[in-house]
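Biologist: Can you walk me through how the pieces of this one pack together?

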Amino acid sequence: MTSHRAFKARVRARMTKTGESYTTARRHLSVRTTGGTSDRSGPVPAEPTADQPTTAELPPAGTRPTEPPAGSGGTAGQLARTPDPLLRERTGRGWDEWFALLDGWGGTEHTHTAIAAWLVTTHEVPGWWAQTITVGYEQARGLRAPGQRRGGGFEATGSRTVAVPVGRLFDAFADETLRRRWLPDVEVRVRTATAPRTFRADWAGGPTRLVVGFAPLGDTKSRVAVQHEKLTGPEQAAELKAYWRDRLTALKQLLEGEA
């Protein structure tokens with residue numbers, strides 16, 4: 001059997017297993033074969049944020065629906081940010097279908113990590129999208145509110161893609177003089193800074209903390225993701241989510257204006 005026929009056989013086998021269309025199954029397998037990252041495939045990542053961002057948020061600075069308060073059982077958080085057609089295109093199924101599969105598996109009895117791993121290993125969902133489905137499922141089943149981690153703590157997150165090299169984006173956090181140009185009047189006590197990948201700091205004297213990650217997107221563009229941890233509740237999480245949306249917009253304008 002030629003390599004082309006072997007690949008087509010793998011595509012059909014995945015279609016049978018997942019119910020995906022030929023195009024969707026072929027795309028997933030092509031990413032794996034070529035080592036590409038268009039669907040963020042790969043190992044199951046650790047639970048990174050309270051509300052796992054998805055490519056539905058790209059480009060950043062879009063308006064999002066208001067999230068329901070904690071404990072309301074609402075599901076506007078992840079489901080509203082990831083439209084059903086987009087989820088179906090990227091994973092082969094919509095929200096209701098994934099929820100039905102997870103319920104049949106006993107998803108509410110498993111940890112976040114176990115759910116995401118099951119989606120990757122059993123249904124071959126790329127790791128990024130496994131996280132998206134897992135967070136949406138947990139919110140829909142009342143296991144966490146939007147902005148809340150599975151363990152009960154609250155966080156606020158934000159991200160931006162900026163048209164500057166990743167080193168410059170990292171410096172905007174690590175260099176105090178540059179940081180104050182877009183993040184004024186806030187005490188930030190640096191805990192660790194590993195250029196150009198991560199930045200950790202205490203916020204305004206504590207007890208909340210910042211965990212910031214950076215990723216290059218080529219030579220002239222990069223992405224920053226902010227995770228503000230140890231918040232007191234949903235109100236503070238909502239307030240800081242809006243705050244970081246505003247501040248990251250200011251950061252983007254500053255750096256791209258200089259460039």
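Modeller: Let's start with helix 10 (residues 234–258), which lies across strand 1, strand 3, strand 4 and strand 5, contact meaning heavy atoms within 4.5 Å. Helices (H or I, at least four residues) and strands (E, at least two) are DSSP runs, numbered from the N terminus. Mind that this is a predicted model: local features need pLDDT of at least 70, side-chain atom pairs count only at pLDDT 80 or more, and totals for chains, interfaces and linings use all residues. Residues are numbered from 1 along each chain as its sequence is written, and side-chain values use heavy atoms, leaving out hydrogens and water.

Biologist: What angle does helix 10 make with strand 1?

Modeller: Axes are lines fitted to C-alpha atoms, for helices over the stretch in contact, and angles run from 0 to 180 degrees between N-to-C directions. On that scale, helix 10 runs relative to strand 1 at about 15 degrees.

Biologist: In which order do the five strands of the open sheet come?

Modeller: Strands pair if DSSP finds at least two bridges between them. The pairing here is antiparallel, and strand 1 (154–162) and strand 2 (188–194) are the edges, each pairing on one side only. That gives the order 1-5-4-3-2.

Biologist: Which residue in strand 5 is the bridge partner of Ser159?

Modeller: Strand 1 and strand 5 (residues 222–231) run antiparallel, joined by eight bridges. In strand 5, Ser159 is bridged to Ala225.

Biologist: And helix 8, what angle does its direction make with that of strand 4?

Modeller: Helix 8 (residues 166–174) packs on the sheet and touches strands 1, 2, 3, 4 and 5. Its direction and that of strand 4 (209–216) make about 165 degrees.
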